[in-house]
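Welcome, and thanks for opening the viewer. Could you walk me through this structure, telling me what to select at each stop and what I will find there?

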Amino acid sequence: MGKKIYVNENTRFFNLRGIPIVANLDNASIIGLSARGAEFWQSICKDKKVEGCVVLDNAELYKYLVEYEMLSEEPIVRDKNKRLQLKSAYLHVTTRCNLHCIGCYSMEDRDRNMEKEPSTEELKIALWRLSKAGVSTLVISGGEPFIRQDLYELLRYAKDEAHIENIIVITNGTVKVDFSIFLPVIDSISVSVDGFNEEHATFIRDEGIINKIIDTVRELKRLGFSVGILPTLHKKNTKYMEEYKRLSEELGVDLGYSLLSVCDTPETHDFIPEDEELRLLAQNLLNTDDRVQDFSISKDLQAGLTCGAGRVIISISTDGNVYPCHMLHVPELKLGNIFINPLNDEFVDTVIIDEFQGRNVETNPDCNHCDYKYLCSGGCKARAFFRDNNIRGKDSYCELSRYFYEKVTDELLAAVKKNGEIDR
């Protein structure tokens, strides 16, 4: 009698243009299978048991299936009713900013510099409740965070009292402060950039700031911070990705990208990438190890049903309101208020969370027939919302994912053809 095996219900077996794939949607892991490996997987799924001799014949594959939690030798217990399974969050500590960037998601209110800021005590409540809800990675954003005079006190509280493991601060790099005092309380700093030299100093940001930003990056590097530059890619600068790469290498810092994600307005229209720019961006990413911070795309293939917005990641606005995503601070998507209540299913709008998670690549008619749906996880609901005021729609940058994963799959097929079958 064979040994009983438990199959993770959140695994998927699918065919990627001829390559059998098994994926764990809980942890995003993927295994490419040979024909024999596919037969082994399907037999386990059918019988829910395995003979010892069969395991020996497929020992390496079996080891990986268990290691990546696709199979288990013990019953798999999960709380299906728990909506929030938080890992990370954005915390907006101010709306004030000294710049006026086109497309800034925190600049919808033109009087933002006059808005009331949250108090120190309110933000400490938020930090405590984020930690108790399971958040281990916290992104401090704004506005411009370093405008707050109490930022060091807040970050010290986040580290020493709330015990938040990883704190990232996003800054525009133009506010002069004593950065040295922040070294013990910040794990990494992302400095937003627009241009890359005096000739191409700005696209969507204020003029005359490029040298100040570069000086700030150099100072942060000298002080010992883990620092990176974060260009926002759009229609007018996609062709300059090599220049951003060169700038990061010259400064000796990491490079990541953000994508301009906005509604199509007269102000933003000329900056929204079209399919041509998206394919160029995809090709540039294929040729490098660069990453897009707010876009789930990588040559290290991962799998998912949907983005983690509203489940593993949330965003807190300056008034304490909780939203599924830092780009979707809109009243109809409010989950609750962290200044008033803790973060748990009792005090958040689980209907909105269920809507975010329920509209996935298997239920979305724009996605469910796509070869690459599990690889891109359906893209970004914020960009779908910006396009037609509906999170149920298609990511307006879908062509970026489609083209990228088409080319990655071409490479995989070439490798399989050259080296034979795979089980890895």
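Start by selecting A28, which is buried because its relative accessible area is 17%, under the 20% cut-off. Keep in mind along the way that this is a predicted model. A28 sits in the loop between β4 (19-24) and β5 (30-32). Its phi is near 75°, a positive value in a residue other than glycine.

Now jump to S377, in the loop between α10 (373-376) and α11 (381-388). Here too phi is positive in a residue other than glycine, with a value near 60°. With a relative accessibility of 11%, S377 counts as buried.

**Two helices that cross: α1 and α3**

Next, select residues 35-47, helix α1, together with residues 59-67, helix α3. A pair of packed helices is described by the angle between their axes and the distance between those axes. The axes of α1 and α3 come within 11 Å and cross at roughly 55°, and the two helices are therefore oblique to each other. The crossing in which α1 passes α3 is right-handed.

Which residues of α1 and α3 meet? Show the side chains of G37, F40 and W41 in α1, then those of L61, Y62 and L65 in α3, and you have the residues that meet. Sorted by class, this contact has five nonpolar residues, one polar residue and no charged ones.

**A roughly parallel pair: α4 and α5**

Move on to helix α4 (residues 120-132) and α5, which pack at an angle of about 25° with their axes 10 Å apart. That angle makes α4 roughly parallel to α5. The two cross in a right-handed sense. On the α4 side, pick T120, L123, K124, L127 and W128; on the α5 side, pick E153, L154, Y157 and A158. These contact residues divide into six nonpolar, one polar and two charged.

While you are in this region, find G143 in the loop between β9 (137-141) and α5 (151-160). Look at the peptide bond from G142 to G143: the bond is cis, with omega near 15°. As a rule, most peptide bonds are trans.

Select residues 210-223 to highlight helix α6. How far apart are the end C-alpha atoms of α6? They are 20 Å apart, in agreement with the 20 Å that its 14 residues should span at 1.5 Å a residue. Colour I210, I213, I214, T216, V217, E219 and L220, which are buried in α6. An α-helix has 3.6 residues a turn, so residues three or four places apart point the same way. The buried residues of α6 pack against β11 (188-193), β12 (227-233) and α7 (241-251).

From α6, I214, V217, R218 and K221 meet L247, E250 and L251 of α7. By class, the residues of this contact are four nonpolar, no polar and three charged.

**Into strand β11**

Stay in this area and click on S192, which lies in strand β11. Is S192 buried or exposed? At 10% relative accessibility, S192 counts as buried. Leaving aside neighbours within four places in sequence, S192 is in contact with I170, T171, N172, R205, I213 and L230. I213 in that list is also one of the buried residues of α6.

Finally, select residues 275-286, helix α8, whose 12 residues should span 16 Å at 1.5 Å a residue. The end C-alpha atoms of α8 are 16 Å apart, which agrees. Its buried residues are E277, L278, L281, A282, L285 and L286.

Then step back to H269, in the loop between β13 (254-259) and α8. H269 is partly exposed, with a relative accessible area of 44%. To end the tour, draw a distance from the C-alpha atom of H269 to that of G103: the two residues are 166 residues apart along the chain, and these atoms are separated by 9.9 Å.

Notes:
Residues numbered from 1 in each chain as written. Predicted model: local features only at pLDDT ≥ 70, side-chain atom pairs only at ≥ 80, totals over all residues. Heavy atoms only, no water. Axes fitted to C-alpha atoms, helices over the stretch in contact; angles between N-to-C directions. Helix = DSSP H or I, 4+ residues; strand = E, 2+ residues; numbered from the N terminus. Parallel < 35°, antiparallel > 145°, perpendicular 65-115°, else oblique. Left-handed = near helix turned anticlockwise from the far one by under 90°. Contact = heavy atoms within 4.5 Å. Nonpolar A, V, L, I, M, F, W, Y, C, P; charged D, E, K, R; others polar. Expected span 1.5 Å × (residues − 1). Buried < 20%, exposed > 50% of the residue type's maximum accessible area, 1.4 Å probe, protein only.
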